[in-house]
Amino acid sequence: MSCQELQTMRDAYLDGELDLAHSLEFEKHLRECASCARSHDELRSLQMAMRSDTLRFPLPPGLERRVRSAVRDESGVASRLFRWRWLIPSVSLGLVAIIVAGLLFSRTSTDDLVASEVVAGHVRSLMAGHLTDVASTDQHTVKPWFDGKLDFSPPVKDLAQQGFELIGGRLDYIANRPVAALVYQRRKHFVNVFIWPASTASDTKPTAQVRQGYNLIHWTSSGMTYWMVSDLNLAELQQFAQDLIA
Ligand SMILES: [Zn+2]
């Protein structure tokens, strides 16, 4: 893929609309081309910033009063004043409704974006035969392997006793940042557990969803965001999540 081809596909990629083959080529080019990677990073940051809560501004106090008095001064006509009195509150209500709807929508779509990246990461690790960068069943080998590769230290648990064997770890890239991927195995099923620092301190309970036939469980605990993905049945995956949190 050339730099120009990458540019034409960039919007589709950012909106999660690119198919897997093109996504892989796209990501390959980003790894090899510093200038495309830089401009892509900038666009991603912009996209995230546009969804941020900090773009919400409350109406300044007294605005409604000022508008009302301005209208009164201008018109002086009783019937017009009557109409405006009803119009102003309904306009502000409408505005609030639009802002609230926008916020709800952007929350959902951010989580949606991450969920589809999590599935893509899982599929990619299986397809490319690139499941682990460090292959070890020993948590004391896997955990230190991440040192110096990430700006955080992911918790690595050995859950072989519970039937989930740790088989290694890998670096991945999700939600616009490098993340830790821990790989566990249960019978013939692989489970990717993606971990990175949470944006909020508060814990959230595990929530499950199905996407492209894969089960996903997402939660936040002890300042870390967790996304678990596998073709394993949901009941066993939920038990695994509980064991990880415990
Ligand atoms: Zn390029």
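# Terms and values

Tutor: The loop between strand 6 and strand 7 is where Ser222 is found. This is a predicted model, in which local features need pLDDT of at least 70 and side-chain atom pairs count only at pLDDT 80 or more, while totals for chains, interfaces and linings use all residues. Residues are numbered from 1 along each chain as its sequence is written, and side-chain values use heavy atoms, with hydrogens and water left out.

Student: Is Ser222 buried or exposed, and how do you know?

Tutor: Relative accessible area decides: buried is under 20%, exposed is over 50%, and partly exposed is in between, using a 1.4 Å probe and protein chains only. Ser222 has 69%, so it is exposed.

Student: What is to be said about phi of Ser222?

Tutor: Phi of Ser222 is near 50°, which is positive although the residue is not glycine. Most residues other than glycine have a negative phi. Gln212, also not a glycine, has a positive phi of about 50°. Gln212 sits in the loop between strand 5 and strand 6, and its relative accessibility of 62% means that it counts as exposed.

Student: What makes strand 7 mostly covered?

Tutor: Seven of its seven residues are buried. Met224, Tyr226, Met228 and Ser230 are buried on one side, and Thr225, Trp227 and Val229 are buried on the other, so both faces are covered.

Student: Why are strand 1 and strand 5 called edges?

Tutor: The open sheet has seven strands in the order 1-2-3-4-7-6-5, with antiparallel pairing. Strand 1 (134-135) and strand 5 (204-211) each have a single partner strand, so one side of each is left without a neighbour in the sheet. For strand 1, two bridges link it to strand 2 (residues 165-174), and Ala135 stands opposite Gly168.

Student: How do you know that the length of helix 1 agrees with expectation?

Tutor: The expected span is 1.5 Å times one less than the number of residues. For the 12 residues of helix 1 (residues 3-14) this gives 16 Å, and the end C-alpha atoms are 16 Å apart, so the two agree.

Student: Which residues of helix 1 are buried?

Tutor: Leu6, Met9, Arg10, Tyr13 and Leu14 are buried. They cover an arc of only 150° around the axis, the arc being that of the directions from the axis to the C-beta atoms, so they lie on the same side of helix 1. Gln4, Thr8 and Asp11 are exposed on the face turned away from that side.

Student: Why is Arg124 called buried?

Tutor: At 17%, the relative accessible area of Arg124 is under the limit for buried. Arg124 belongs to helix 5 (residues 78-127). Leaving aside neighbours within four places in sequence, it is in contact with Leu24, Glu27 and Asp172.

Student: At what angle do helix 2 and helix 3 pack?

Tutor: Helix 2 (residues 20-32) and helix 3 (residues 34-50) pack at about 110°, with axes 6 Å apart. That makes them roughly perpendicular, since this class runs from 65 to 115 degrees, against under 35 for roughly parallel, over 145 for roughly antiparallel and oblique for the rest. Axes are lines fitted to C-alpha atoms, for helices over the stretch in contact, with angles from 0 to 180 degrees between N-to-C directions.

Technical notes
Helix = DSSP H or I, 4+ residues; strand = E, 2+ residues; numbered from the N terminus. Contact = heavy atoms within 4.5 Å. Pairing = 2+ DSSP bridges.
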